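Work through the exercises below with the sequence and the model at hand. Each task is followed by a solution in steps.

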Amino acid sequence: MADSKGKDLRRTGSQPKKNAAFLFSEARTHVVFTLKQIVEQKEAILFVVHDSDEADWQFLSGKSVSQKDLMLVSLESLVSADSSLNELADLPQGWYATRVSVGSKWERSEIDKWL
């Protein structure tokens with residue numbers, strides 16, 4: 001699966017298998033925020049935010065974010081690269097989810113409890 005610039009978003013080795021299902025209510029082409037390091041497979045998605053204001057999704061590594069590293073990609077491209085993201089399809093607006101590593105359990109909390 002590739003992003004809008006043609007970069008391959010598939011992971012290899014012990015990374016999650018390619019997704020056969022898409023459980024999000026948003027369109028597959030829905031644009032979401034992520035990081036260049038995630039698209040380039042240098043970092044994994046360990047922190048996901050479903051914003052309350054605009055209902056935007058952010059798929060991040062959990063590390064400090066630089067604006068120059070932000071990218072917009074289709075939701076489907078990320079779910080295809082990491083099928084465990086489907087577990088967050090029902091994450092309510094105003095909530096976030098974290099995990100320690102790829103394959104570990106997602107922990108969910110309201111954003112108000114994070115701030």
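**Exercise 1: a charged pair**

Lys 42 has a relative accessible area of 62% and is therefore exposed. The model is a predicted one.

Task: Find the salt-bridge partner of Lys 42 and classify the exposure of Glu 40.

Solution. Step 1: Lys 42 pairs with Glu 40, with 3.3 Å between the closest N and O atoms. Step 2: the cut-off for a salt bridge is 4 Å, so a distance of 3.3 Å qualifies. Step 3: Glu 40 has 29% relative accessibility and counts as partly exposed, because that class lies between 20% and 50%. By this rule the structure has six salt bridges.

**Exercise 2: a bridge between loops**

Task: State which parts of the chain the salt bridge of Lys 63 and Glu 43 ties together, and classify both residues as buried or exposed.

Solution. Step 1: the closest N and O atoms of Lys 63 and Glu 43 are 3.7 Å apart. Step 2: Lys 63 is in the loop between strand 3 and strand 4 (70-74), while Glu 43 is in the loop between helix 1 (36-39) and strand 2 (47-50), so the bridge joins parts 20 residues apart in sequence. Step 3: Lys 63, at 55% relative accessible area, is exposed. Step 4: Glu 43, at 18%, is buried, because buried means under 20%.

**Exercise 3: sequence neighbours**

**Exercise 4: aromatic rings**

Task: Classify the geometry of the pair Phe 22 and Phe 24, and then that of Phe 24 and Trp 57.

Solution. Step 1: the structure holds four aromatic pairs. Step 2: in the pair of Phe 22 and Phe 24, the ring centres are 5.8 Å apart and the planes stand at 45°, so the pair is tilted. Step 3: Phe 24 and Trp 57 are 5.2 Å apart centre to centre with 80° between the planes, and this pair is edge-to-face. Step 4: Phe 24 belongs to the segment before strand 1 (31-35) and Trp 57 to strand 3 (residues 57-60), so this pair links distant parts of the chain, 33 residues apart. Step 5: Phe 22 is buried at 14% relative accessibility, Phe 24 at 6% and Trp 57 at 0%. Step 6: Phe 22, Phe 24 and Trp 57 form one aromatic cluster together with Phe 59.

Notes. Residues are numbered from 1 along each chain as its sequence is written. This is a predicted model: local features need pLDDT of at least 70, side-chain atom pairs count only at pLDDT 80 or more; totals for chains, interfaces and linings use all residues. Side-chain values use heavy atoms; hydrogens and water are left out. Rings of Phe, Tyr and Trp (its six-membered ring) pair if their centres lie within 6.5 Å; planes under 30 degrees apart count as stacked, over 60 as edge-to-face and the rest as tilted. Buried means under 20% relative accessible area, exposed over 50%, partly exposed in between (1.4 Å probe, protein chains only). Helices (H or I, at least four residues) and strands (E, at least two) are DSSP runs, numbered from the N terminus. A salt bridge is a side-chain nitrogen of Lys or Arg within 4 Å of a carboxyl oxygen of Asp or Glu.
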